[in-house]
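This report looks at one residue in its surroundings and then at a whole chain. Please keep the sequence and the structure in view while reading.

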Amino acid sequence: MPTTHAPQSIRSTSLRIGLEVHVELATRTKMFTRTPNVAHPDYFDAAPNTLVDPVVAALPGALPVMNRAAVEMAMMVGLALGCEIARFSKWDRKNYFYPDLPKGYQISQYDLPICGDGAVDIPGADGSTKRIGIIRAHLEEDTGKLGHELPGGRRYEGSLVDLNRAGTPLLEIVTAPDFGCADDVVTFAQELRHLCRFLGVTEGIMQRGHMRFEPNINVVIRTEDGREFATPIVEVKNLNSFRSLRGAIEFEARRQVEAWRQDGRTMGPGAKSTRGWDDVREVTVLQREKEDAHDYRYFPEPDLVPVVVDEELLAAVRGRLPELPIARRARYRDEFGLDPREASALVEERADAEFFEACVESLIELRGSSVPSSQGQLVAKFLLNAGAKRANERGTTLAGLLVAPRRVAELLLLREEGIVGPQAADAVFGLLCEADGDPRAIAEANGLVQVRDDASLDAWVTEAMAAHPKAVEDLRAGKSSAIGRIVGHVMKLSGGTADAKAVDAKIREKV
Amino acid sequence: MSAIAPLLRDVTALRAAIAERRVGVLEVVDHCIDVIGRRDGELRALREVYPERARRRADAIDAALAGRRDDPSAAGLLAGVPVVVKDNIVTDYGTTTCGSRMLDGYASPYSATVIERLEEAGAIVLGKANCDEFAMGSSTESCAFGATRNPWDLSRVPGGSSGGSAVAIAAGYAALALGSETGGSVRQPAALCGVVGIKPSYGRVSRYGLVAFGSSLDQVGPFAHSVGGAAMLLQVIAGRDERDSTSADLGVPDYLQALDDRVESLVVGVPVQYRSDANDPRVAQAIEQAVEVYRGLGAEIVEIDLPLTDYGISTYYVIAPAEASSNLARFDGIRYGHRAVPEPGEVLEDLYARSRAEGFGPEVQRRIMLGTYMLSAGYYEAYYRRALQVRRLIAQEYARAFERCHVLLGPTAPTPAFPLGGKADPLSMYLCDVYTVNTNIAGACAISIPCGLADEGGRRLPIGLHLQARPFDESVLLRAARMFERATDWSELVVAPSA
């Protein structure tokens, strides 16, 4: 073994990772034909080979026709990633034989992709902001699937082809090798998923393969004598979870250093290889060396006309672009004073963020004039407690509860005015999830209006103090925390309608 | 001889006879099926005939016409007109084989756009016409189901690849026929069989349902005995189709209305390269006579220089096989078509290789290999990219030529029909298309019309006059062709011997 790269001579190593991400776009129909798309939520459970037509099955004489919706989705993602949108891009054929590829070629974009040259900032694992370059994003069509199981799970001797996925629009996003650790790659992948969901271009359900990751990984090794060695690049194919993405990178980081210690091979022409991820053993497995790589014989697709994006279309797509998650989270912090956890929770779903903002607007409007920050905090805390609880119970989102933002504002105002207490407000919200109505009327009808009249309070407090003589004693001895037990009892007696502040004052007065 | 035979040569007269109920559609169809039955044993122009379906449709149209004596046009422009269709245009009845073992017995679940348009217009599809395998050839000999014969001389080829369609018109099987072109496959057999054939501008006619050979060159084209008949068929099939992105989003002019109007101040361009020494002298003479006919009609004759003419074949034989190598990849034996019987120990690659080796004939295999080679890493730049550059130059040369003239005139093919097996060397076969390929490369439109008969040992062989016009200028092309047709009697003289 050459001594130049002996193990003891390594001073430091650093990872260099670039990422390719395939996103299945949730258009209603496929990339090049009007047959429904399996990546659309309405069709994900279609029986095998039911989303097939002459174009999908590549019958003789069938021709592709471009789906405009897919192009516009691709442009939207491109704009969100800060990419240049090509005014002119075209389609190419990537030729190879495989039973899941009906035409014997995949329609893709080779040298003129729809999106090029962008960048996104992500929060790095080291606390800094990391800028990740986007080299390109291009459209293509997905392949079918090969399986060996009959419906019902029975094993089949030969191979079975399901063409439901064939022709699903795929957006392939390629980053620059700007990542230095697995954490940052996973953060980027999660942010990208969030972004794509936010834009409504995919459901982003990993189990259904809506997103697949292919990291390109190598290690730069610095030796004690000041020399640098870069290990050969490995591309890990088809990772469909954040866990496997992280696992594959961390495994390669170790394996490549070990391999270099063994054979000293470094990066160079023909030294790139492709590996797969074994989810059970948590290791990568060699699939093929690049030396026997396919020659895909790319050439321009003669059945399709080039994609020409004019200013009008670009402006229209740009106009549909919502405020993106990263920017929105920052604004929630700055404008409403939310903490990062609150901001993230509200921005998780675009509809929730929009619902939240509508509630804040309603509240400001009802109140006449006010500082947005305090209103925002009020609404955020309420939605993330009373709202999130109901959403969880019902397996939906905040917006999915279908409560009108104005009702939320009215309710918060009632609470602020002391007409309902916090517990009652929560209960009124629960009732609003069942049926719309005026919060005040609901509170009254259900006996949830806060009681502040002296006689009632006096009676409850007297009864509660009698029931907790020890607490009264403690309180007299200066242990102010003991008051909680007495207040709790009053609340129980009043069915939650007693005004907690008034109760507190009354107890102290009596003691 | 039946009164129907001459009507098949004059679609306008046939339509009038049907509309006025002088002849029943069923009578027409029966006549055609009778002729096919008597002649096709030796001519082998059709691979498949649909007599029952044709008769059912004939009955239906007869019934519809009987009910609408006041408005016969309601039944469609081609009501009751019998048509044959090249075997590479899919129909949702019968089979479509492209003349290949690969697709023997293949039944398409859908019909091509051109078939839909034909049938909506009332045409009756009688059967599928033989062609060279996957339209690759110029003689209709490479068909897996046997070679088609030329009705003028059974020892000779009808041209190709749409040979069966041309013979169906020449031998009086039908009034109209559809063929397809990639480099001359309608015009050359039209010339060799003595009928009219049109190559429409690229994008004029939908390719949806035409089995692809060279996608950037392919077009469906009509055959008829006269310019008027071919124009009528073009009228029906032309126009934008949402299912073919390359179909032009342009209105289709009324080709029939002004067909008999002369082209004002017609300028006919005669490329010097078309007056080649390689032309058969009888062909050369017929073309010079055609020039004189136009001169006599008052046309201005100008000499045109098309120096890139000779590069057409080389350019074509890069682009067409390259596209074909990819287009024919779908014939892999997985979903449909011929599949080899697996042998023990064989893997997926063997299944592909053997299915394709058994399913495709030698010419198809040759072109797939050529195309695959030319698209391969390291060769793409030298062949395919270079060919695309030359293609652009040829299109520019055409554009410049059409600044000086309305139509380019020359022979459709350098020789009349040649003997079966006469061009066993692929290269000599490829050179049959020397005058036609550049039309496809430039996306222009063209027509071949009969302009003479060559004496060949006591037999007569038709000669075709080739006119080309700028892309989407079919109106001028057809009117210029019609001027020649009216001024000469070739349309009457060039009728193939009936037995």
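In this predicted model, Asn279(B) sits in the loop of chain B that runs between strand 7 (267–271) and helix 9 (281–296). Is Asn279(B) buried or exposed? Its relative accessible area is 9%, and since buried means under 20%, Asn279(B) counts as buried. When its neighbours within four places in sequence are left aside, Asn279(B) is in contact with Tyr274(B) and Ala284(B), and also with Pro411(B), Pro414(B) and Tyr435(B).

We now turn to chain A as a whole, which contains 15 helices and 17 strands. Chain A is more spread out than a compact globule, because its radius of gyration is 30 Å, whereas the globule rule gives 24 Å for 511 residues. Taken along the principal axes, the box filled by the C-alpha atoms of chain A is roughly 90 × 65 × 55 Å.

| Property of chain A | Value |
|---|---|
| Residues that count as buried, of 511 residues | 51% |
| Contacts between residues 24 or more positions apart, of those with a separation of 6 or more | 69% |
| Accessible surface belonging to carbon and sulfur atoms, of about 22,800 Å² | 51% |

Conventions. Residues numbered from 1 in each chain as written. Chains lettered and ligands numbered in written order. Predicted model: local features only at pLDDT ≥ 70, side-chain atom pairs only at ≥ 80, totals over all residues. Heavy atoms only, no water. Helix = DSSP H or I, 4+ residues; strand = E, 2+ residues; numbered from the N terminus. Buried < 20%, exposed > 50% of the residue type's maximum accessible area, 1.4 Å probe, protein only. Contact = heavy atoms within 4.5 Å. Rg over C-alpha atoms; globule rule 2.2 N^0.38 Å. Areas by Shrake-Rupley, 256 points an atom, 1.4 Å probe, with all protein chains shown as cover.
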